[in-house]
Amino acid sequence: MWQQLQEELGPEGLSIIAVAIDSDVDAIREWAAHAPNLTVLIDRDYIVAERYGIVNVPASVWIDEQGHIVRPADTAMGDDRFRAFAHIDSGVHHELLRAWVLRGERDLTDSQVVENMERPTRELQLARLHRRIAVALHDRGDTPGTNTHLAAAEALAPYDWVIRRGSMPMRNIDPFGAEFFEFVEEWQEAGSPGFRLRTGRED
Amino acid sequence: MATVIYDTEHVDVKAELSSRWLMTPEAVESLTGWKLKPEGFCRGDVCSPIFNPDKVLSYGMVDLQEAAPLLGLLAVTDPSRGVAALTASAHERADDMASLKAPDFTLESLSGDPVSLHDFNRRKVLLLAWSSW
């Protein structure tokens, strides 16, 4: 759907930059093949996630022609593939996007944008640093070092999906396996913390 | 070898590594822009005084982890493995975000070319964070 939205809204002035919070270049390449009109970038060190307060994927941030954030990080599904699991109607976000690009209509004021940002705690920033160190150690083949820093990151940010689920491939754990579903349960018991905006939520 | 990860940069630095991560003041300055002076760490007209020199300094060297908060930064250091990471403190980052100014970034595309947010100047941008996991 992102490819379609880029085709539809590109001539109207929209560029979709798809930032892969990922190190698996083959998987990124495969995804990008289905979205040839998107700009696909690789963010191994979670730089964009940190600067824009992204704690889960897929997420979107809107930036206007003046470099001004007009919508903060929020879950943004490309389609309804995960609707039964995530309880999100993806079309709601897409319609808001069309209204903004085609008619300049914003659904949030500046102060609402600020209120709904995921501003970091010290613990979350520290977790992100541990994760960055883990990625560097993983590149060196230092498994104990990788695991030490991932464990530190997870203890500091137990409900951040990028930290928790996003580190599973590095630990050779299936991100759709038993440990993932344990995490989801833990996260739900904690009140499903995450993005404040709940665009298209059905629960 | 000692490496400091600072944003997208992986910088090899000269450091004295024991239980602490110690760097020369010159190395700290080239990494962060903050210069050690008698009045503290200074950048431009701004100086940050060092109230706990016993922790921050050691025989003319700077303890990166202890110095970071004075520079508006946060550090995690692993001296035994020779890797440290440095980023904006939670407070600095939160202030940056609340300004609503979209922070620039430069990342590699699949073809290896660097692409920056500012390349999309005058366009509306949907920043889409995704992953294969």
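## Helix H4 of chain B

In chain B, helix H4 spans residues 90–98, and its buried residues are B:Ala90, B:Arg93, B:Ala94 and B:Met97. These four cover an arc of only 100° around the axis, which puts them on the same side of H4(B). An α-helix has 3.6 residues a turn, so residues three or four places apart point the same way. The structure described here is a predicted model.

What do the buried residues of H4(B) pack against? In chain A they meet helix H3 (47–52) and helix H7 (122–139), and in chain B they meet strand E11 (83–88). After H4(B) comes B:Leu100, which has a positive phi, near 65°.

## The interface of chain A and chain B

The contact between the two chains draws 80 residues from chain A and 50 residues from chain B. The size of an interface is often given as the accessible area lost when the parts come together. Here the area buried between chain A and chain B is about 6000 Å², and carbon and sulfur atoms give 66% of that area. A:Ile17, A:Arg51 and A:Glu65 supply 13% of the area that chain A buries against chain B, more than any other three residues.

Side chains of opposite charge can pair when their charged atoms come close. Across the interface of chain A and chain B there are four salt bridges. A salt bridge joins A:Arg51 to B:Asp7, with 3.1 Å from N to O. A:Arg51 is also one of the three residues named above for their share of the buried area. Another charged contact involves B:Lys124, whose charged end sits over the ring of A:Trp100, 5.4 Å from the ring's centre.

## Aromatic pairs

Over all chains, the whole structure holds eight aromatic pairs. A:Trp62 and A:Trp100 form a stacked pair, with 4.8 Å centre to centre and 15° between the planes. A:Trp62 lies in strand E3 (residues 59–63) of chain A and A:Trp100 in helix H5 (residues 90–103) of chain A, so the pair ties together parts that are 38 residues apart in sequence.

A:Arg71 lies over the face of A:Trp62, at 5.2 Å from the ring centre. Elsewhere in chain A, ring pairs link A:Trp161, A:Phe176, A:Phe180, A:Phe181, A:Phe183 and A:Trp187 into a cluster.

## Salt bridges within the chains

The count of salt bridges in the whole structure, over all chains, is 25. One of them lies within helix H5 of chain A, where A:Glu95 and A:Arg98 are three residues apart, about one turn of the helix. Their side chains meet at 2.6 Å, N to O. A:Glu95 is partly exposed at 47% relative accessibility, whereas A:Arg98 is buried, with a relative accessible area of 16%.

A:Arg196 forms a salt bridge with A:Glu118, and the closest N and O atoms are 3.5 Å apart. This pair links distant parts of the chain: A:Arg196 is in the segment after helix H10 (178–189) of chain A, while A:Glu118 is in the loop between helix H6 (110–115) and H7 of chain A, 78 residues apart. A:Arg196 counts as partly exposed at 44% relative accessibility, and A:Glu118 counts as buried at 15%. A network of salt bridges links A:Glu154, A:Arg164, A:Arg171, A:Glu179 and A:Glu186.

In chain B, the side chains of B:Arg81 and B:Asp78 meet in a salt bridge of 2.8 Å, N to O. B:Arg81 is partly exposed at 25% relative accessibility, and B:Asp78 is buried at 6%.

## Around B:Val62

B:Val62 is found in strand E9 (residues 61–63) of chain B. With a relative accessible area of 0%, B:Val62 is buried. Which residues is B:Val62 in contact with, leaving aside its neighbours within four places in sequence? The contacts are B:Trp21, B:Leu22, B:Met23, B:Pro25, B:Val28, B:Leu36, B:Phe41, B:Val56, B:Leu57 and B:Ala67.

B:Val62 and B:Arg20 lie 42 residues apart in sequence, and their C-alpha atoms are 9.7 Å apart in space.

Notes. Residues numbered from 1 in each chain as written. Chains lettered and ligands numbered in written order. Predicted model: local features only at pLDDT ≥ 70, side-chain atom pairs only at ≥ 80, totals over all residues. Heavy atoms only, no water. Buried < 20%, exposed > 50% of the residue type's maximum accessible area, 1.4 Å probe, protein only. Helix = DSSP H or I, 4+ residues; strand = E, 2+ residues; numbered from the N terminus. Arc of directions from axis to C-beta. Contact = heavy atoms within 4.5 Å. Phe/Tyr/Trp six-rings, centres within 6.5 Å; stacked < 30°, edge-to-face > 60°. Lys NZ or Arg CZ within 6 Å of the ring centre and 35° of its normal. Buried area = accessible area lost by both parts, 1.4 Å probe.
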